[in-house]
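Grab a viewer and a pencil. Here are a few exercises, each with a worked solution.

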Amino acid sequence: MDVSHDTTPVRADMLIGGRRVNSSRRIEVFNPAKPSELVGTIARGTPEHVVDAITAAKKAQNSWSGMTFSQRAAILGRAIASADEGIEERAKLFVRENGKTLAEATGELRSVAVRQRLTLELAEELDSARELAAPNGRTFIGYIPFGVVVSIVPWNGPVGLASMQVIPALLAGNSVVVKPPESCPLALTKTMELIAQELPPGLLNIVTGLPSEIGDTLTQHPDVGKIGFTGSIPSARKIIVNAAQTIKAITAELGGNDAAIVLDDADISDDTMRRMTTIVYRMAGQVCMAIKRIYVPEDMHDHFVDAFKKAAGRVIVGNGLNPSVVMGPLHTRHALERAKGLVEDSRNRGGAVHELGVVDDESSFAEGHFMRPTVVTGLDDSAPLVAEEQFSPIVPVIPYKDVEEALSRANSTIFGLGGSIWSRDIDKAARLARRIEAGTVFVNTHGTQSVNRRAPYGGIKQSGMGRRSGIEGIREYMQIQTLTTYEHE
């Protein structure tokens with residue numbers, strides 16, 4: 001299949017104080033579907049660059065915070081509209097650096113303006129201060145920004161996740177320094193540049209580099225008031241320790257090991273199985289809020305597995321630039337090797353491994369970080385594939401005896417990002433879903449594509465703190481301020 005494209009390496013620099021800034025060293029970015037292909041390079045920033053960006057952000061924030069929410073929303077509306085420019089070419093670049101399919105990449109880029117307009121619609125409500133009676137006057141409950149916000153985003157959904165931090169933070173009156181993921185920074189950097197060009201210089205800055213070299217400065221600098229982070233639990237622990245030195249606020253969305261509990265009255269038609277496999281294998285399973293475990297009643301286990309395998313068998317695996325491809329590669333060679341290790345461990349434990357799907361091109365499949373969509377049966381909850389976040393296109397299907405057992409097993413984890421109940425009885429399913437120990441729960445659906453963007457979402461336990469989206473997501477980037485007057489009669 002012809003997936004020809006312009007392979008000229010793309011160059012991206014930092015954006016500090018409204019100016020593009022280079023560095024003496026560069027970081028190379030390669031294509032997961034064709035690891036020998038250099039997609040582009042980014043500046044390898046230094047701690048000095050971080051300090052410059054924070055200084056520029058602090059200066060720009062002073063006048064920005066003096067506006068009303070509605071005034072800031074009007075400016076941000078024009079800024080996010082610019083993110084729609086050149087999406088087709090940026091989507092191809094996104095595919096090449098990340099491994100997404102063209103549909104996934106295009107959808108994420110288009111989501112920036114669509115979803116963040118919902119954020120800006122809340123400006124009028126935010127402008128309304130709450131008033132309370134006071135003994136000798138009046139009390140007003142309002143909100144003030146943190147000042148400088150650092151936004152650290154991962155490689156798996158960098159553009160969408162960054163916009164969910166950056167736009168609410170800016171609307172709240174903060175300035176922002178974005179740290180893109182070094183393995184997938186190009187489409188994000190170009191998108192943020194488009195938004196920044198419509199904003200006052202220094203309000204939105206981009207610093208690229210290695211976490212080991214610039215991470216401590218980003219998360220320890222005394223002029224940073226808030227950190228928005230999406231990523232792994234180990235990285236979050238380090239950020240929390242750094243932030244504690246100056247008592248910074250943190251919003252964090254971390255990993256998940258989401259369970260889907262299928263009830264005995266669930267619809268397991270081909271249409272349902274198609275939707276479920278889409279949730280499981282989207283972005284090759286590299287989604288925090290994807291179905292990672294499926295619990296099924298014992299007496300319908302085999303029937304469910306057969307139906308699920310039939311749907312998974314139609315998944316086309318290959319280079320995401322081919323429009324017919326449904327699932328691309330894993331992002332890195334390390335991720336692929338870890339996934340293979342989980343499969344081998346499952347076999348050693350007596351699990352039955354079913355490798356499914358259709359390979360688009362065998363030679364390309366052998367070269368890239370590809371893996372077939374995989375279903376594993378015959379494991380208990382102690383297996384790493386069940387107990388850990390696999391972050392790969394492998395899903396275990398596990399039988400249970402009764403619903404109480406299923407809920408207990410689903411909740412026996414350090415994670416609490418998402419979960420779902422599948423049943424024809426919506427009311428019963430909703431009652432059971434409320435008992436799943438997760439920040440976001442679903443009935444007959446699952447995952448980020450099913451999140452209502454007008455509502456807050458996020459994790460509990462070690463899946464994170466704070467919320468994204470909705471007015472709650474904006475208030476994550478504001479501090480409550482109480483004003484009380486003394487008034488003579």
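Predicted model: local features only at pLDDT ≥ 70, side-chain atom pairs only at ≥ 80, totals over all residues.

Residues are numbered from 1 along each chain as its sequence is written, and side-chain values use heavy atoms, with hydrogens and water left out.

**Exercise 1. Work out the strand order of the open sheet of three strands, and say which strands are at its edges.**

Step 1: Pick out the strands, which are DSSP runs of E with at least two residues, numbered from the N terminus (helices are runs of H or I with at least four).
Step 2: Pair them up, counting a pair if DSSP finds at least two bridges between the strands. That gives the order β1-β5-β4, with mixed pairing.
Step 3: β1 (10-12) and β4 (26-31) each pair on one side only, so they are the edge strands.
Step 4: Zoom in on β4 and β5 (residues 34-43): they run antiparallel, joined by six bridges. Here you'll find V29 opposite G40 of β5.

**Exercise 2. Find what helix α3 packs on, and at what angle to β5.**

Step 1: Look for contacts, meaning heavy atoms within 4.5 Å. Helix α3 (residues 87-98) packs on the sheet and touches β1, β4 and β5.

**Exercise 3. Describe the largest pocket: its volume, its lining and the element that gives most to it.**

Step 1: On a 1 Å grid over the protein atoms alone, a pocket is an open set of points where a 1.4 Å probe fits, with protein on both sides within 12 Å along at least five of seven lines; lining residues have an atom within 4 Å of a point.
Step 2: The volume, the space filled by probe spheres set on the points (joined across faces, edges and corners), is about 1100 Å³.
Step 3: Of the 41 lining residues, P154, W155, G231, S232 and S235 are closest to the centre.
Step 4: α8 (211-220) gives the most, with seven residues.

**Exercise 4. Do likewise for the second largest pocket.**

Step 1: This pocket holds about 370 Å³ of space.
Step 2: It has 23 lining residues, with E108, R115, G157, R282 and T448 nearest its centre.
Step 3: α4 (102-120) supplies the largest share, six residues.

Technical notes
Axes fitted to C-alpha atoms, helices over the stretch in contact; angles between N-to-C directions.
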